[in-house]
Amino acid sequence: MQDERRLDVLRAIVEDYVSTQEPVGSKALVERHGLGVSPATVRNDMAALEEEGLITQPHTSAGRIPTDKGYRLFVDRLTTIKPMSSAERRAIAVFLDEAVDLDDVVQRSVRMLAQLTHQVALVQYPTLSRATVRHVELVQLSGTRLLAVLILSSEQVEQRLVDLGREIDDEGLAALRARVATASIGRIIAEASTELIDLVAPSEDGGVQDAVVDVLVEAMSGHRSSERVAVGGAANLARFGDSFEVSVRPLLEALEEHVVLLKLLGEAQTGGMVTVRIGHEGPYQEFASTSVVSTGYGPGDEAAGNLGVVGPTRMDYPGTMAAVRAVARYVSRILDEA
C-alpha cells in the first residue's frame with residue numbers, strides 16, 4: 001500500500017510539473033489530487049522518493065521536480081497509452097488522407113505531430129522496399145535521346161534523360177519498351193532491379209538497352225533506403241525556456257544533421273511499440289535534457305521508417321506517446337493502401 005501511494009505521489013508530481021513548469025509542494029499535491037492523506041504523510045513520501053533518486057529539490061525551493069529516473073518509472077508504470085479523442089483522430093485522418101503523394105504524406109505527418117505534441121517532430125522518409133513499379137515509359141526526344149519515366153505504387157515519379165549513343169528507330173524503341181515493361185511492371189523494386197539487370201547482355205542494339213537499364217536501376221536505387229528526415233515544429237523549442245545554451249543550441253544544430261536525427265529516432269519497430277528514451281538514456285550526451293518518443297511505421301508488419309518527437313524531459317508522456325502511435329498507424333495505413 002505504501003509503495004502504491006508513493007507511486008501515486010510520483011505520478012502527481014510528474015503531472016503537475018509538466019503542467020505548471022514549477023516545483024511541486026506537498027500542500028499543492030493534496031489539494032489538487034485528493035490523495036486521501038495529510039500533507040505530512042505526503043512530505044514523508046516525497047522524502048522517500050527523493051532518497052530513491054526519483055525526485056529532487058531544485059535550488060532552495062520547497063517543491064520537488066522529477067529526475068530522469070522518476071520519469072522513467074512514471075513511463076514504465078503507464079498501464080495503457082491513453083487514446084486520442086475522437087476529434088483528434090478525425091483531424092489526423094482528414095489531414096493525412098488529403099495527401100497527394102508520399103512526400104506530402106511525410107510533410108503532413110511531421111506538421112501534425114508537431115501540432116499535437118507541441119514538440120519538435122521527426123519523420124524518416126520510408127524505405128520503400130515493398131513499393132512496386134506501376135508503369136515505365138520511354139519517350140523519344142530525339143534519335144539518340146530518351147526520357148525514361150518511372151512511376152511507383154507509392155505515387156512517386158522519377159524522370160531521367162538517357163543518352164543512347166546511337167539512334168534507335170520506332171520498331172526498336174517499341175521492342176525495348178516491351179522488354180523493360182515485362183521485366184519491371186508489377187514487381188517490387190528489388191525484384192524489378194534484378195530483372196532489369198538480367199536484360200544486360202551482348203546485343204545488337206549497340207548498348208542502347210544497357211543505357212536504359214542503367215538509368216532505371218539507378219532511379220529505383222534511391223527508393224530502397226532512405227536517410228532523409230523531415231523536421232517540423234522547431235519553434236516549439238521555445239518551450240525550453242531559459243536553458244538555451246544547454247538544451248536548445250545542440251538540438252538546433254542536430255536538426256541539420258539527418259544521420260544524428262536517425263540515431264535519435266532509433267531502430268524502427270512496428271506493431272504499435274512506442275519507445276521512450278529519457279535524458280541520458282539517449283545516444284548523445286549533449287541531449288541529456290531531452291527525451292525522444294518514437295515508433296516505427298510501415299505497411300503490414302514491415303518497418304518502413306521511424307517517426308517521433310524530441311522535447312524536454314518535462315513533457316506530457318502519455319499524450320505524446322498516444323499522438324506518436326496514432327500518426328504512425330495512419331501513415332502505415334496509407335502506405336498499406338498504396
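**Close-up views of a predicted model**

**Figure 1. Helix H1 and its cover.** In this predicted model, helix H1 has Arg6, Leu7, Val9, Leu10, Ala12, Ile13, Val14, Asp16 and Tyr17 as its buried residues. The elements that cover these buried residues include H2, helix H3 (39-51), strand S1 (55-56), strand S2 (65-66) and helix H4 (68-76). An α-helix has 3.6 residues a turn, so residues three or four places apart point the same way.

Figure 2. Gln21 follows H1 and sits in the loop between helix H1 (2-20) and helix H2 (26-33). Its phi is positive, near 65°, and Gln21 is a residue other than glycine. Most residues other than glycine have a negative phi. Gln21 counts as partly exposed because its relative accessibility is 43%, and partly exposed covers the range between under 20% (buried) and over 50% (exposed).

Figure 3. His118 is not a glycine, yet its phi is positive, about 60°. The residue is placed in the loop between helix H6 (102-117) and strand S3 (120-124). With 43% relative accessibility, His118 counts as partly exposed.

**Figure 4. Strand S9 inside the structure.** Is strand S9 buried or exposed? Eight of the eight residues of S9 (residues 290-297) are buried, so the strand is largely enclosed by the rest of the structure. In a regular strand the side chains alternate between the two faces of the sheet. On one side of S9 are Thr290, Val292, Ser294 and Gly296, and on the other are Ser291, Val293, Thr295 and Tyr297; all of them are buried, and both faces are covered.

**Figure 5. The strands paired with S9.** Strand S8 (residues 274-278) pairs with S9 in the antiparallel sense over five bridges. Within this view, Arg277 has Val292 of S9 as its bridge partner. S9 is also joined to strand S10 (residues 305-312) by eight bridges, and these two strands run antiparallel. Here Ser291 has Gly311 of S10 as its bridge partner.

**Figure 6. Glu286 in the loop between S8 and S9.** Glu286 lies in the loop that connects S8 and S9. With a relative accessible area of 43%, Glu286 is partly exposed. Glu286 and Ala254 are 32 residues apart in sequence, and their C-alpha atoms are 10.0 Å apart in space.

Figure 7. Side chains of opposite charge can pair when their charged atoms come close. Arg333 and Asp97 form a salt bridge in which the closest N and O atoms are 2.3 Å apart. Arg333 lies in helix H12 (residues 317-337) and Asp97 in helix H5 (residues 86-97), so the pair ties together parts that are 236 residues apart in sequence. Arg333 counts as partly exposed at 30% relative accessibility, and Asp97 counts as partly exposed at 46%.

Figure 8. Arg145 and Asp163 meet through their side chains in a salt bridge, 3.1 Å from N to O. Arg145 is in strand S5 (residues 145-152) and Asp163 is in strand S6, so this pair links parts of the chain 18 residues apart. At 35% relative accessibility Arg145 counts as partly exposed, whereas Asp163, at 55%, counts as exposed. The other salt bridge joins the side chains of Arg160 and Glu218, 2.9 Å from N to O. Arg160 is in strand S6 and Glu218 is in helix H9 (residues 208-221), 58 residues apart. Both residues of this pair count as partly exposed: Arg160 has 23% relative accessibility and Glu218 has a relative accessible area of 41%.

Figure 9. Which residues make the nonpolar surface patch of about 250 Å²? The patch is made by Val139, Leu141 and Leu161. Leu161 is found in strand S6 (residues 157-163). Its relative accessible area is 46%, so Leu161 is partly exposed.

Key
Residues numbered from 1 in each chain as written. Predicted model: local features only at pLDDT ≥ 70, side-chain atom pairs only at ≥ 80, totals over all residues. Heavy atoms only, no water. Buried < 20%, exposed > 50% of the residue type's maximum accessible area, 1.4 Å probe, protein only. Helix = DSSP H or I, 4+ residues; strand = E, 2+ residues; numbered from the N terminus. Pairing = 2+ DSSP bridges. Patch = residues over 30% accessible without salt bridge, like charges linked within 9 Å, V, L, I, M, F, W, Y side chains within 5 Å. Areas by Shrake-Rupley, 256 points an atom, 1.4 Å probe, with all protein chains shown as cover. Salt bridge = Lys/Arg side-chain N within 4 Å of Asp/Glu carboxyl O. Contact = heavy atoms within 4.5 Å.
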